[in-house]
Number of protein chains: 2
Amino acid sequence: MKVIWNSEIVDRSEVTIDPEDRGYQFGDGIYEVIRAYNKEFFCLDEHLDRFFSSAEKIEMHVPYTKNELKHLANRLLSETGVNTGNLYLQLTRGVASPRNHMYPDASVLPMLTGTFTETERDQQMLDKGIHTIVTEDIRWLKCDIKMISLLGNIMVKHEAHKKNAYEAILHRDGIVTECSAANVAIVKNGVIHTHPDGNLILPGITKLVWKRCAERLGIPVVEEPFSLDELYNADEIFCSSTTMEVMPVKKLDNKVFFSETAGSVTRKLQEAYKAEIEQCCGKLPVH
Amino acid sequence: MKVIWNSEIVDRSEVTIDPEDRGYQFGDGIYEVIRAYNKEFFCLDEHLDRFFSSAEKIEMHVPYTKNELKHLANRLLSETGVNTGNLYLQLTRGVASPRNHMYPDASVLPMLTGTFTETERDQQMLDKGIHTIVTEDIRWLKCDIKMISLLGNIMVKHEAHKKNAYEAILHRDGIVTECSAANVAIVKNGVIHTHPDGNLILPGITKLVWKRCAERLGIPVVEEPFSLDELYNADEIFCSSTTMEVMPVKKLDNKVFFSETAGSVTRKLQEAYKAEIEQCCGKLPVH
């Protein structure tokens, strides 16, 4: 299996991380997950822009240009020979010894790793939707940074899992923010509501795309904080992320939102999102 | 240099971490920093108890007994031949591939690493005190867990550093919580005030010790939330942590709290804390 390791494509077995890599001792790093369909990345530019933006927010220098990263990503995709899957790209602040909270000086080189994992689109899941729970947003106050200090995220994801749900929809003091690894939106009377960008949510790339679709379809989108009450009383709920695309929420805690088919706004966005993928990456298989 | 790697003491150069260790991709791990003086650990029991408590809070199994960890710690201390320094002990949830937010099943073995770094007591710093800044507590809502997802902590520490300060004193909506890597307390009219334990601060081992000292000395301690106003108007401020011990705050933003000698309550606690160390680890050098 081939992977990215700094500026090279190497065999997975060659990659070793130092125990004093700041990614390992401080969660001091950033990442992106980028989807490829039909051997073609989707929204690669947008993901890399966010990668640089996250790095800037934690004052970490990315020792590569955007084009160099694109080139590496495409080389890896090509060398794996995989059709459809996820590129996981991570950059940590590198190895600094002895352990010290303070950022190391510029002589310490950030550590880039990247893997590509084959993952088919799951049309059945996209049709059936997911079960979700509501829980408290326990994360930090810089959720706009896509960083690897993810314990808060995985704890709530695990909580969902224990309750036989796929995702946790989070709230801060009754205001819905997002999910553990996705944005969330509700539909009420034909209008989409989703939390505005800022420090409490990740600026989703998939959200960017479905907002463009909604605009084209003439579906109004309101980006303002909304409450748990509005969530429970929504006509439709959907999550969005790179790996989930536009995913209908079938069940929230004990409330079932649809039996066979997701609400019409969610379905329209799913179709439009799929069309966006196909425009970039070519025809997707019909399941 | 010898280090702990799972159940062994090995040479530092032998230790390699897998890029899909969950510590590296999710900050999914816990740690302790334990001080040794005169080849003797101080509060080793208390630190290991907190280690197990942190693990339990994130539902991570520690595949060692407390006695096994004590044995490993003491073996490392002995093999390094160092007199005074810090043991850094870390346990992550281990290697799970491919990357997945969900906790892996019990077949995945957590990864233990530990290093011992020589660090002398800095009596001069303890006398002179430190400069601090006040900044927002941007961390998550489970600060009682000593975990390695520390980006929030290191960002505020870095902010302090950029302002020529050693520590950042944090507040949430005007309520003082703790520092980036220490607890904080104020003295007003002979009474010590510090934030109560709970989800907003780490239950400090050093705090445990100085509270015991304060009780013996007849100094009242009030563990209730206090405000930024009370912080700025305190008679004395001190931080406490394993590596800093009881550390006087000389300066907070632009306000200087003392010129030559820290306030009397802080000094009494420093002396009593030193006596506690000496009782456990033997006479400390006079500087």
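Mentor: We go through the domain contact, then the chain contact, then the symmetry. Keep in mind that this is a predicted model.

Trainee: How much area do domain 1 and domain 2 of chain A bury between them?

Mentor: The figure is about 2,000 Å², and 65% of it is on carbon and sulfur atoms. Next, see which residues carry the area. On domain 1 of chain A, the trio A:Tyr31, A:Phe42 and A:Arg50 supplies 34% of what that domain buries against domain 2 of chain A, more than any other three residues.

Trainee: How many salt bridges are counted between the two domains of chain A?

Mentor: Start from the general idea. Side chains of opposite charge can pair when their charged atoms come close. Between domain 1 and domain 2 of chain A the count is one salt bridge. A salt bridge also links A:Lys57 and A:Asp144, with 3.0 Å between the closest N and O atoms.

Trainee: Now the chain contact. How many residues of chain A and chain B are in contact, and what area is buried?

Mentor: Read it as you read the domain contact. Chain A brings 53 residues and chain B brings 53 residues. The buried area between chain A and chain B is about 4,700 Å², with carbon and sulfur atoms giving 64%. The polar side of the account is six salt bridges across the chain interface and 27 residue pairs in polar contact, both residues at pLDDT 80 or more.

Trainee: Which element gives the most to the side of chain A that touches chain B?

Mentor: H5(A) does, with eight residues. The elements of chain A giving two or more residues to that side are H1, S3, S5, strand S6 (111-118) and helix H5 (151-162). The side of chain A that touches chain B divides into 24 nonpolar, 14 polar and 15 charged residues.

Trainee: What rotation superposes chain A on chain B?

Mentor: A rotation of 180 degrees with 0.0 Å of shift along its axis, at RMSD 0.0 Å. The two copies are thus related as by a two-fold rotation axis. The same surface serves both copies, since 100% of the contact residues of chain A recur in chain B.

Trainee: Which residue pairs with B:Glu20 in a salt bridge?

Mentor: A:Arg12, at 2.9 Å from N to O. B:Glu20 is in the loop between strand S2 (8-11) and helix H1 (22-26) of chain B, and A:Arg12 is in the loop between strand S2 (8-11) and H1 of chain A, so the pair joins two chains. A:Glu20 likewise forms a salt bridge with B:Arg12, the closest N and O atoms being 2.9 Å apart.

Terms used. Residues are numbered from 1 along each chain as its sequence is written. Chains are lettered from A and ligands numbered from 1 in the order in which they are written. This is a predicted model: local features need pLDDT of at least 70, side-chain atom pairs count only at pLDDT 80 or more; totals for chains, interfaces and linings use all residues. Side-chain values use heavy atoms; hydrogens and water are left out. Buried area is the accessible area (1.4 Å probe) that two parts lose on being put together, summed over both. A salt bridge is a side-chain nitrogen of Lys or Arg within 4 Å of a carboxyl oxygen of Asp or Glu. Contact means heavy atoms within 4.5 Å. A polar contact is a pair of N or O atoms within 3.5 Å; within protein, one must be able to donate a hydrogen and the other to accept it, and residues adjacent in sequence count only if both atoms are side-chain atoms. Helices (H or I, at least four residues) and strands (E, at least two) are DSSP runs, numbered from the N terminus. Ala, Val, Leu, Ile, Met, Phe, Trp, Tyr, Cys and Pro count as nonpolar, Asp, Glu, Lys and Arg as charged, and the others, Gly among them, as polar. Copies are superposed by least squares on the C-alpha atoms of residues with pLDDT of at least 70 in both.
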